[in-house]
Amino acid sequence: MIFMLISNIFANVAVPLFFFISGFLFFNKGGVFTLTTYLKKIRKRAKSLLVPYIIWNIIVYLILLLWQTFWPGSSSGSKLVINYSFVEWLRIFWDIRSGFYPLCAQFWFLRDLMVVMILSPVVYLLVKLLKQYFLCILGILWFTNTWFDITGLSIAAIFFFSCGSYFGIMKKNFVNILRPLMKLSVIIYPIVCLTILYFRSEPAVVKYLLSLSTLIGMILAITISAYYISRGKWSVNNFLSESSFFIYAYHQIILALVVKIAVKTFYPMSDFGLLVVYIISPILIICFGLGLYYVLRHYLPRFTSIITGGR
């Protein structure tokens, strides 16, 4: 239950919230969305998203190449990257893993974000034309999972990016609008989470409850953060903020290695042992990543800036 609570419920809030914020920031200056404005924004995102996207997928390819060369038994059941055809090598940037993920798997978010940013003129026109009704239509499609099976064009990306875009285009302060819902979300979110755990053996029910928990969790995350920041209880840590993209980019391939080593070394057969590996592994990865980012930023600032999109 702990695995499900953390990985399938709490973590479900993150990506939709990132899409939402990205949509808001894309349009937050408001005004007329001209072709010049569009091209300027796309060029800027090419530097901050596309360049690191390409570089990190190549980095993962090289890591896997070294891993599979010097630890040949670690990739049983999967094709060696050295044997990839030219077409498969190109697909590492799109959908080489499980027919959906790029080689740097967590970057599916960036891939879908870049696709919806390219389609941002359509989003802008529909928001201007239909306003909140456009969001309602997308929300129904997302909640019922009624969408086309097209890699890179996920309904989650379109819906939540459009929601953020709506607030930016219409010049609405989403924090002020959502703030009155904070107390209600504090009460409802734990109830929905516990209900998901109770019905966890019934996928048809859990599917809709997870969608509901995502929406409420987003409201809770936004309003709680705004509440404590406005009262000076929380503040932005510049180092953590600057290193966040690096941690996001590097963590998965290293995490997979750490988990493999931990399982082979300690043989955690009990639920408690697996739980310890589950909790300790990401903590070690984050701490090591912060240290690595500090060293790279200090000694290779230009390189570090490039692979993090100039952040």
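Start with the aromatic rings: a search of the whole structure finds 40 aromatic pairs, where rings of Phe, Tyr and Trp (its six-membered ring) pair if their centres lie within 6.5 Å, with planes under 30 degrees apart counted as stacked, over 60 as edge-to-face and the rest as tilted. Bear in mind that this is a predicted model, in which local features need pLDDT of at least 70 and side-chain atom pairs count only at pLDDT 80 or more, while totals for chains, interfaces and linings use all residues. Residues are numbered from 1 along each chain as its sequence is written, and side-chain values use heavy atoms, with hydrogens and water left out.

**Stop one: F20 and F167.** Select these two rings: their centres are 5.8 Å apart and their planes stand at 65 degrees, so the pair is edge-to-face. F20 belongs to helix α2 (residues 14–27) and F167 to helix α8 (residues 155–169), so the pair ties together parts 147 residues apart in sequence. Helices here are DSSP runs of H or I, at least four residues long, and strands are runs of E, at least two, numbered from the N terminus. Both F20 and F167 are buried, meaning under 20% relative accessible area, with exposed over 50% and partly exposed in between (1.4 Å probe, protein chains only).

**Stop two: W142 and F160.** Here is another edge-to-face pair, 5.0 Å centre to centre with 80 degrees between the planes. W142 sits in helix α7 (residues 132–143) and F160 in helix α8, 18 residues apart. Both residues are buried.

**Stop three: a cluster and two charges.** Now select F18, F19, Y53, F100, Y101, F107, W108, F109, F245 and Y248, which form one aromatic cluster. A charge sits over a ring if NZ of Lys or CZ of Arg is within 6 Å of the ring centre and within 35 degrees of the ring normal. Then move to K41, which lies over the face of F26 at 5.3 Å from the ring centre.

**Stop four: cysteines.** How many disulfides are there? The count is zero, a disulfide being a pair of cysteine sulfur atoms within 2.5 Å. Select C136 and C163: the closest cysteine sulfur to that of C136 is in C163, 9.1 Å away, too far for a bond. C136 is partly exposed at 45% relative accessibility, and C193 is buried at 4%.

**Last stop: the whole chain.** Zoom out to see 14 helices and zero strands. Buried residues make up 39% of the 311 residues.
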